[in-house]
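Subject: Structure handover

Hello,

Here is the structure I said I would pass on. My notes on it follow below.

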Amino acid sequence: ACSFLWRDYKKEYMYWELVSIIYKMLLTGLIMFVDTQEGSEKALRLMTAILVCTVYSSMLLYSCPYQKKEDQDLAFISNVLLISSFVLGIPLQQCHDDVEVCQ
């Protein structure tokens, strides 16, 4: 009844769904505890998200948990795009906070 949780993974990585859930919880929950009240600390949330995504991407590349190569490629590409959006968010945040920097 619960085989959908590990069906797409190799047998030795049938726990990977748990790793994926922990990654998603860190990405959403941990970020909320980062203080954004200080001036330069506002980009700290983005840097924390970049760190979490980079660690997960390296774990994904090292372990290759998916049975199908297409699933592995899709997971990696989606993480690269997520990291890219966080990286591009840093200058946007700086421009939003300090208008003189962006002119």
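I start with a side-chain detail: a polar atom of the serine 63 side chain lies 2.7 Å from the backbone oxygen of methionine 59. Please keep in mind that this is a predicted model, and that every value here is computed from it.

Serine 63 sits in helix H2. Is serine 63 buried or exposed? Its relative accessibility is 10%, so serine 63 counts as buried, the cut-off for that class being under 20% relative accessible area. Leaving aside residues up to four places away in sequence, serine 63 touches Tyr13 and Trp16.

Together with Leu27 and Phe86, Trp16 is among the residues with the most contacts inside the largest nonpolar core, which has 18 residues. Three helices, H1 (16-32), H2 (44-63) and H3 (69-97), each supply at least two residues of this core. The helix that gives the most to the core is H2, with 7 residues. As a general point, nonpolar side chains in soluble globular proteins tend to be buried together.

For leucine 27 I also have the list of partners. With residues up to four places away in sequence not counted, leucine 27 touches Ala49, Val52, Cys53, Leu82 and Phe86.

How many disulfides does the structure hold? The count is 0.

Now the chain as a whole. The protein chain contains 3 helices and 0 strands, so the order of elements from the N terminus reads α-α-α. It has 103 residues, and 27% of them count as buried. Taking contacts between residues at least 6 apart in sequence, 63% join residues at least 24 apart. The accessible surface of the protein chain is about 7400 Å², and carbon and sulfur atoms account for 67% of that surface.

To go through this in the viewer, I would begin with serine 63 and its contacts Tyr13 and Trp16, then move to leucine 27 and its contacts, including Cys53 and Phe86.

Regards

Conventions:
Residues numbered from 1 in each chain as written. Predicted model: local features only at pLDDT ≥ 70, side-chain atom pairs only at ≥ 80, totals over all residues. Heavy atoms only, no water. Helix = DSSP H or I, 4+ residues; strand = E, 2+ residues; numbered from the N terminus. Buried < 20%, exposed > 50% of the residue type's maximum accessible area, 1.4 Å probe, protein only. Contact = heavy atoms within 4.5 Å. Areas by Shrake-Rupley, 256 points an atom, 1.4 Å probe, with all protein chains shown as cover. Core = buried A, V, L, I, M, F, W, Y, C linked by side-chain atoms within 4.5 Å. Polar contact = N/O pair within 3.5 Å; in protein donor to acceptor, adjacent residues only side chain to side chain. Disulfide = S-S within 2.5 Å.
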